[in-house]
Amino acid sequence: MLSEIELYIHIPFCIRKCNYCDFLSFPAGEELQNRYVDALCEEIRRTGEHINSSFKIRSIFLGGGTPSILSIYNVNRIFSCIREHFPFTDRTEVSMEANPGTLNSEKIKTYRDAGVNRLSIGLQSADDECLKMLGRIHSWQEFLENYHEARKKGFDNINVDIMSALPGQSLESYLDTLKNIIELGPEHISSYSLILEEGTPLYNDEALLKRLPDEDTDRRMYEMTKKILEEAGYHRYEISNYAKEGRECIHNLGYWEDVPYLGFGLGASSYWKEKTGSDCQESFLRFSNVRDMEKYLAQPFRPFEEREDYQELSREDRMAEFMFLGLRKIRGVSLKDFKDRFGCDMESVYGIAIHRFLDLGLLTMKNGRIALTEQGINVSNQIFCEFI
Ligand code: SF4
């Protein structure tokens, strides 16, 4: 059986930078976008030749930035290149991130025709005041038009991203956003609390920071998200992600379930397994592409061992990753999977930490799985640290 891999393609362009954003993204004109797609296609082609073996493509994710900023010509170029070097089928989950303000009917049709079968739309809030404060380029109305157009063009798997704990956002405003989205009935909803990232305009805006919701309101937003979405038929399968039955994001699950992936484009990270040495031992590698555009354009493909942050993972690293990535899933990690993978019991490695967290009510153990409790989710970062 062929092993499964995932592909991530990074499009680092946005119309303008949002006030809270520290992702690798920036505005760019058409000429740079064209040169970038030339480089991206070269990287995809050379990587396909370099790995020189067959894999089943489990999912493809075009993320950013704002992939929907690209012209139809460039989107078609990227997908033709992927098809040529990493053939995928109709059953492969192919997601694309899109932002209102950069979408239109023709683009949405192009995505469908190119094989995209899951659209992830960045809304953030249904309240235009909040959108303005965040520096988003669109209104709720524009989002609605794009959403309905996507449905019309046949998208039956849509994610909507929303945010809570925003400056000036009341509980009512947040719940209104949730209610409005539920009425539309997307298959997947991601709800993230605002994280203040150093160096962003929001981080330095004292007046806005004074308008952040207090701790109680923040807590209520968080609790109500779970309650309201579950009542509406969305189950929570990861700390911030909710889906209708069978509509979990396959690509993201792969990140938490040890599926190898190749990242293409500026700054993109990869996790890769390969057989090395005369005894064909399996090596587990992590590496990233350069984050400097000129360097990337000059040399879009480099052998894996020459990439940034190249690291061969030890068995201990992999066990730690299995734990802290797997525990992000609400169903947690399987004791049997751990043993099958590493040849030892999870408790023989992490017994002390696991039992401490079980005693504190932060973890539960049932049906051969260990998972965070509701209380554990609240302090998940501290728990993850224990496994690193
Ligand atoms: S659209 Fe997304 S990636 Fe682009 S600046 Fe805004 S938050 Fe960042």
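These notebook entries record what I looked up in a predicted model.

**Conventions.** I number residues from 1 along each chain as its sequence is written, and side-chain values use heavy atoms, with hydrogens and water left out. Local features need pLDDT of at least 70 and side-chain atom pairs count only at pLDDT 80 or more, whereas totals for chains, interfaces and linings use all residues.

**Helix α6.** I first looked up α6, a helix of 14 residues covering 171-184 (helices are DSSP runs of H or I, at least four residues, and strands are runs of E, at least two, numbered from the N terminus). From first C-alpha to last, α6 reaches 20 Å, close to the 20 Å expected at 1.5 Å a residue (1.5 Å times one less than the number of residues). Its buried residues (under 20% relative accessible area, 1.4 Å probe, protein chains only) are Leu-171, Ser-173, Tyr-174, Thr-177, Leu-178, Asn-180 and Ile-181. I noted that an α-helix has 3.6 residues a turn, so residues three or four places apart point the same way. The buried residues of α6 pack (heavy atoms within 4.5 Å) against β4, α4, α5, β5, β6 and α8. After α6 comes Gly-185, with a positive phi near 75°.

**Ligand shell.** Next I listed the residues around the ligand (a heavy atom within 4 Å): they include Cys-14, Arg-16, Lys-17, Tyr-20, Asn-99 and Arg-136. By class, I found five nonpolar, four polar and three charged residues in this shell (Ala, Val, Leu, Ile, Met, Phe, Trp, Tyr, Cys and Pro count as nonpolar, Asp, Glu, Lys and Arg as charged, the others as polar).

Terms used. Buried means under 20% relative accessible area, exposed over 50%, partly exposed in between (1.4 Å probe, protein chains only).
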